[in-house]
Amino acid sequence: MKNSNEELIKSFKMLYIELERSNFIMSSDIITKILKFVTTNEPLFFAVRHASQNFDFDSIFNESMAGGRLKMPEDDYKIIVLVTKILFDIDRGNIDYLNFLNNIFPRVNISDSFIDFCNGIVLPYVQAFERLLSQKDRVVDAEFNVQTKSLPRELVDLLNNNIISISDQIVGDKTLSDEIRREIYVILEGLCFAVESGNTMLIKSLWLGLKYALLANRAYTSQVKAFENELKNYSII
């Protein structure tokens with residue numbers, strides 16, 4: 001493992017310790033910090049992107065819950081897909097955090113459920129990245145952190161609303177094959193991460209992928225134009 005990756009994992013572990021030492025109420029902000037850390041460090045985000053292109057969250061989640069309780073997958077990339085999506089949905093409010101803890105880690109006290117969440121979900125996540133970054137043949141060499149900047153809140157909200165609108169429409173779009181739908185979801189999730197972290201270079205590249213994936217379907221023309229106009233107005237593209 002190169003020194004840069006060693007330092008990266010060391011910092012990631014410190015974030016985990018910060019989460020573990022907090023509590024349910026305070027942990028939401030730290031989850032946001034963890035997601036930003038993953039999306040703004042190229043080796044970590046490459047692993048997320050690679051994992052998302054090769055594995056489907058729903059099938060992994062169903063497989064993990066087959067015994068009635070959540071069991072982490074053995075494959076590191078599957079762990080990354082599973083936990084990234086869970087943390088992302090908690091952060092975005094798509095998952096009711098309290099209900100999730102009570103249902104997945106039922107304990108008398110929410111504090112105990114939170115500890116189980118840290119040990120059973122987030123710690124394996126950090127360890128999966130650590131293992132991947134120690135194996136040169138499984139992770140792309142990346143010596144640098146992605147340069148980011150704070151985007152105006154109004155732009156972040158506009159882009160996120162557009163992403164949600166497209167995502168909602170895709171759910172009921174019978175003209176899309178399952179494979180195309182899954183690929184578009186990967187791009188949309190990547191865009192959410194990039195927008196929240198202010199990674200303008202990644203926004204540009206993912207936007208192009210989304211644009212050409214959707215332009216073939218006229219139903220998305222207005223959304224594509226709206227998204228493009230927002231990026232142009234703020235000089236992102």
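Me: How does the lining of the largest pocket divide into nonpolar, polar and charged residues?
Reply: In this predicted model, the lining of the largest pocket divides into 17 nonpolar, six polar and eleven charged residues.

Me: And what volume does that pocket have?
Reply: The largest pocket has a volume of about 810 Å³, and 34 residues line it, with Lys85, Ser167, Tyr185, Val186 and Glu189 lying nearest its centre.

Me: Which helix gives the largest share of the lining?
Reply: That is H9, which supplies eleven residues of the lining, while H3, H4 (57-64), H5 (76-92), H8 (153-171) and H9 (178-197) each contribute at least two.

Me: You mentioned H3, so switching to its packing, at what angle do the axes of H2 and H3 cross?
Reply: The axes of H2 (residues 24-39) and H3 (residues 42-54) cross at roughly 90 degrees and come within 6 Å of each other. Because an angle from 65 to 115 degrees counts as roughly perpendicular, H2 is described as roughly perpendicular to H3.

Me: Which residues meet there?
Reply: On the H2 side they are Phe37, Val38 and Thr39, which meet Leu44, Phe45 and Val48 of H3; the residues of this contact divide into five nonpolar, one polar and no charged.

Me: New topic, what is the phi of Ser235?
Reply: Ser235 has a positive phi of about 60 degrees, although it is not a glycine. Most residues other than glycine have a negative phi.

Me: Where does Ser235 sit, and is it buried or exposed?
Reply: Ser235 lies in the segment after H11 (221-233), and its relative accessible area is 62%, so it counts as exposed.

How values were computed: Residues numbered from 1 in each chain as written. Predicted model: local features only at pLDDT ≥ 70, side-chain atom pairs only at ≥ 80, totals over all residues. Heavy atoms only, no water. Axes fitted to C-alpha atoms, helices over the stretch in contact; angles between N-to-C directions. Helix = DSSP H or I, 4+ residues; strand = E, 2+ residues; numbered from the N terminus. Parallel < 35°, antiparallel > 145°, perpendicular 65-115°, else oblique. Contact = heavy atoms within 4.5 Å. Nonpolar A, V, L, I, M, F, W, Y, C, P; charged D, E, K, R; others polar. 1 Å grid on protein atoms, 1.4 Å probe; cavity = no way out; pocket = protein on both sides within 12 Å on 5 of 7 lines; lining within 4 Å. Points joined across faces, edges and corners; volume = space filled by probe spheres on them. Buried < 20%, exposed > 50% of the residue type's maximum accessible area, 1.4 Å probe, protein only.
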